[in-house]
Amino acid sequence: MSQRQVLQVFEQYQKSRTQFVQTVAELATRPQNIETLQNAGVMSLLRPLLLDAVPTVQQTAALALGRLANYNDDLAEAIVKGDILPQLVYSLAEQNRFYKKAAAFVLRAVARHSPELAQAVVDCGALEALVISLEEFDPGVKEAAAWALGYIARHNGELAQAVVDAGAVPLLVLCIQEPEVALKRIAASALSDVAKHSPELAQTVVDTGAIAHLAQMVLNPDAKLKRQVFSALGQISKHSVDLAELVVEAEIFPAVLSCLRDPDEYVRKNVTTLMREITKHTPELSQMIVNSGGAAAVIDYLGECKGAARLPGIMMLGYVAAHSENLAMAVIVSKGVPQLAICLAEECEDHMRAATAWSLGQLGRHTPEHARAVAVANVLPKLLTLYMDADSSEDLQVKAKKSLKSILQKCTHLPALEPLLYEAPPNILKHVVCQFSKVLPHDSRARRLFVTSGGLKKVQEIKAEPGSALQEYINSINNCYPEEIVRYYSPGYSETLLERIDQYQPA
């Protein structure tokens with residue numbers, strides 16, 4: 001065989017390898033091909049090609065492995081069991097930028113599925129190599145490394161701490177200052193994934209100066225970047241008063257309220273979530289948000305969205321209202337109650353309705369004025385229905401009951417209470433009757449209406465245990481009327497009258 005023929009053989013072999021990895025990488029983009037590739041043993045065929053002499057073959061083999069691992073955890077686990085990870089980690093430090101991006105993609109694809117697979121990535125020494133990649137000149141390599149670090153950190157506090165200990169956070173903060181928007185997005189997302197687990201991890205992110213750099217991007221025109229910025233600020237704020245105050249001190253309010261009208265639904269949701277995480281801590285932080293127009297803006301936002309996107313806004317209004325009667329009144333004045341009543345009527349998920357019921361309870365529990373504002377929105381019958389519905393979740397039943405009781409104990413607006421006399425079970429009924437027993441002795445017009453509406457008749461039909469609180473409330477109501485009126489509306493009175501007719505002897 002001539003030298004030319006030998007070279008042709010080698011050239012053909014190289015072409016075949018290149019064609020093979022390119023074809024597998026292409027096939028791996030379509031889910032319907034994954035099982036066939038797996039059954040054909042493609043993992044073991046790709047592994048040696050990671051060390052191929054031809055860089056293009058190496059990179060494409062890594063890309064194909066990443067796409068396979070990204071598909072499901074079984075394939076990711078096969079990569080771990082096939083001892084492919086150490087090879088990739090070694091190559092991260094040695095190879096060119098194209099291969100580094102592909103290798104970081106495989107590490108990310110494996111780590112995303114579970115804490116156990118992410119731990120396997122950590123155990124093979126990937127963190128050090130990924131952190132070194134954050135210092136690469138090429139922004140694509142930095143982006144791939146930041147993405148992998150974020151996917152490792154997001155699972156739990158231990159993995160996030162490992163990312164911190166590897167020195168990633170200061171470099172991620174440098175990445176959010178780079179000009180490339182895609183790199184900023186991924187770095188902000190990774191910081192969010194680190195900060196979310198504990199106050200200590202959030203403090204680590206804060207200590208590197210992250211808040212100031214994130215705050216500068218809240219009005220960036222790129223929606224995907226804003227999503228991650230607000231997510232990171234929210235994850236920092238949620239842990240403690242001190243951390244929330246640091247976010248507020250970055251002077252992002254009231255500017256960020258304009259983002260509640262952003263075309264991107266995730267930007268709007270993440271801004272609302274950030275406000276929820278800040279307001280939950282103290283009356284002072286809530287007051288600051290309210291003063292900046294935050295409550296009114298969130299109420300408008302609730303009117304413009306549906307489903308899960310409403311949840312942070314619903315909870316935010318509840319947190320604000322819970323702090324004090326003045327803050328609750330600020331939400332009421334901003335027309336928060338009618339909007340929450342709409343949410344209660346429109347939403348079908350139990351956790352959404354439970355949150356709405358809780359927020360309405362926080363608004364109505366302070367004074368008779370607060371309770372009246374909630375009662376006139378006709379939410380009390382709805383809360384009662386949710387509490388009594390056997391299909392309601394336990395959490396929804398508990399929250400509906402608690403809110404109902406807290407509103408009833410302050411409510412003196414009798415027209416809103418009267419329908420409950422006919423529907424409420426005894427444990428709720430006693431609170432309704434109690435309110436009538438407080439108001440009727442001091443209001444002659446209400447006493448008259450209570451008779452003409454049938455309320456007094458209904459009270460006489462209630463079967464209360466002698467000596468119980470409910471019986472005492474009924475006695476207090478009866479004491480507001482002449483004895484013959486009470487007797488007239490008592491059950492069996494008509495039969496008594498008929499008996500007297502039978503016994504009556506005309507003169």
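**Exercise 1. The largest pocket**

Determine how much space lies in the largest pocket of this predicted model, and which helices supply its lining.

*Solution.* 
Step 1. The volume comes to about 270 Å³.
Step 2. The lining consists of Trp147, Tyr151, Arg154, Arg185, Ile186, Ser189, Lys224, Arg227, Gln228, Ser231, Tyr266 and Asn270.
Step 3. At least two lining residues come from each of helix 10 (139-153), helix 13 (181-195), helix 16 (223-237) and helix 18 (265-279). Helix 16 contributes the largest share, 4 residues.
Step 4. Sorted by class, the lining holds 4 nonpolar, 4 polar and 4 charged residues.

**Exercise 2. Charges over rings in the lining**

Trp147 and Tyr151 belong to the lining of the largest pocket. Identify which arginine lies over the face of Trp147 and which lies over the face of Tyr151.

*Solution.* 
Step 1. For Trp147, the residue is Arg108, at 3.7 Å from the ring centre.
Step 2. For Tyr151, the residue is Arg154, at 4.2 Å from the ring centre.
Step 3. Returning to the pocket, Arg154 and Tyr151 are both among its lining residues.

**Exercise 3. The second largest pocket**

Describe the volume, the lining and the residue classes of the second largest pocket.

*Solution.* 
Step 1. The space in this pocket is about 220 Å³.
Step 2. Its lining has 14 residues; nearest the centre lie Leu414, Pro415, Arg445, Ala446 and Leu449.
Step 3. Helix 28 (414-417), helix 30 (426-439) and helix 31 (444-452) each provide at least two lining residues. The most come from helix 31, with 4 residues.
Step 4. The class count is 8 nonpolar, 3 polar and 3 charged.

**Exercise 4. An aromatic pair**

*Solution.* 
Step 1. Tyr319 lies in helix 21 (residues 311-323) and Trp358 in helix 24 (residues 350-364); the pair, with its members 39 residues apart, links distant parts of the chain.
Step 2. Tyr319 is partly exposed because its relative accessibility is 23%. Trp358 has a relative accessible area of 22% and is therefore also partly exposed.

Conventions
Residues are numbered from 1 along each chain as its sequence is written. This is a predicted model: local features need pLDDT of at least 70, side-chain atom pairs count only at pLDDT 80 or more; totals for chains, interfaces and linings use all residues. Side-chain values use heavy atoms; hydrogens and water are left out. Buried means under 20% relative accessible area, exposed over 50%, partly exposed in between (1.4 Å probe, protein chains only). A charge sits over a ring if NZ of Lys or CZ of Arg is within 6 Å of the ring centre and within 35 degrees of the ring normal. On a 1 Å grid over the protein atoms alone, a cavity is a set of points where a 1.4 Å probe fits but cannot get out, and a pocket is an open set with protein on both sides within 12 Å along at least five of seven lines; lining residues have an atom within 4 Å of a point. Grid points are joined across faces, edges and corners, and a volume is the space filled by probe spheres set on the points. Ala, Val, Leu, Ile, Met, Phe, Trp, Tyr, Cys and Pro count as nonpolar, Asp, Glu, Lys and Arg as charged, and the others, Gly among them, as polar.
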